Amino acid sequence: MAILKIVKEKDPVLRKKSRPVEEITPRILTLLDDMKDTLHKANGCGLAAVQVGVLRRIVLVETEEGKLFEMINPEIIASEGEQEELEGCLSIPQVWGITHRPKTVTVRYTDRKGKVCEATGDDLTARAFCHELDHLEGTLFTDHAIRILTQEELDKLSEEQD
């Protein structure tokens, strides 16, 4: 396994649309494993292949320890409700904003074994599903942000968490 370099906001690859995975090859399986290691090392809750410079429709989401969604060619098939919450991105460090997302999201995807699956997530998981699938279209959370928090607001949130 390897820790991959996470692409940062200024890299134009983040604005490109990812291509579908046609076949689950050993290379794709290695990418999934490396993305998992990278996600854990970065202490994130989601990672899209484009964030490690690979323009393929692959995302990982892990909002609860031990519950990892490895999604190949994911698509949102249902959403409901609304939430406005804090959101950040591994590709845009130290930037946080309030986004408007669905409260519940259902995603259809293929897993690493080639099985078509569905997963439904609420709250943080729903936000993570939306956030990571946006990456596949070249969209960043800042494109959806109602507002970006100031450094003063971030400092205050950090103090409240300590």
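Where is Lys-10 found, and does Lys-10 count as buried or exposed?

Reply: Lys-10 is found in the segment before α1. The model is a predicted one, in which local features need pLDDT of at least 70 and side-chain atom pairs count only at pLDDT 80 or more, while totals for chains, interfaces and linings use all residues. Residues are numbered from 1 along each chain as its sequence is written, and side-chain values use heavy atoms, with hydrogens and water left out.

Lys-10 counts as exposed because its relative accessibility is 77% (buried is under 20% relative accessible area, exposed over 50%, partly exposed in between, with a 1.4 Å probe and protein chains only). Its C-alpha atom is separated by 31 Å from that of Asp-122, a residue 112 positions away along the chain. The segment before α1 also holds Glu-23, which is exposed at 56% relative accessibility. Between the C-alpha atoms of Glu-23 and Gly-114 there are 8.7 Å, although 91 residues separate the two along the chain.

Read from the N terminus on, the elements follow the order α-β-β-β-β-β-β-β-α-α-β-α. The radius of gyration is 15 Å, close to the 15 Å that the globule rule gives for 162 residues, so the protein is as compact as a globular protein of that length (the radius is taken over C-alpha atoms, and the rule is 2.2 Å times the number of residues to the power 0.38). Along its principal axes the C-alpha trace spans about 45 × 35 × 30 Å.

Of the 162 residues, 42% are buried. Among contacts with a separation of 6 or more, 64% are between residues 24 or more positions apart (a contact means heavy atoms within 4.5 Å). The protein exposes about 9100 Å², and carbon and sulfur atoms supply 47% of that area (accessible areas come from the Shrake-Rupley method with a 1.4 Å probe; for residues, only the protein chains shown count as cover). There are 22 positive and 31 negative side chains, and the centres of the two sets lie 7 Å apart. In that count Lys and Arg are positive and Asp and Glu negative, with His and the chain ends not counted; each charge is placed at NZ of Lys, CZ of Arg, CG of Asp or CD of Glu.

The phi of Asn-43 is near 60°, a positive value in a residue other than glycine, and Asn-43 is exposed, with a relative accessible area of 71%. Cys-45, by contrast, is partly exposed, at 30%. Leaving aside neighbours within four places in sequence, Cys-45 is in contact with several residues, including Leu-39, Leu-60, Val-61, Leu-124 and Ala-128. The C-alpha atoms of Cys-45 and Met-71, 26 residues apart along the chain, are separated by 14 Å.

The cysteines deserve a word together. The structure holds zero disulfides (a disulfide is a pair of cysteine sulfur atoms within 2.5 Å). Cys-117 is in no disulfide, and the nearest cysteine sulfur, that of Cys-130, is 19 Å away. For Cys-130, the closest cysteine sulfur is in Cys-45, at 12 Å, which is too far for a bond. Cys-117 counts as buried because its relative accessibility is 16%, and Cys-130 counts as buried because its relative accessibility is 6%.

Two further residues belong to the strand region. Glu-65 is found in the loop between β2 (58-64) and β3 (67-80) and is exposed, with a relative accessible area of 84%. Its C-alpha atom is separated by 9.9 Å from that of His-40, which is 25 residues away along the chain. Gln-94 is found in strand β5, residues 92-101. Gln-94 has a phi near 65°, a positive value in a residue other than glycine, and is exposed, with a relative accessible area of 66%.

Technical notes
Helices (H or I, at least four residues) and strands (E, at least two) are DSSP runs, numbered from the N terminus.
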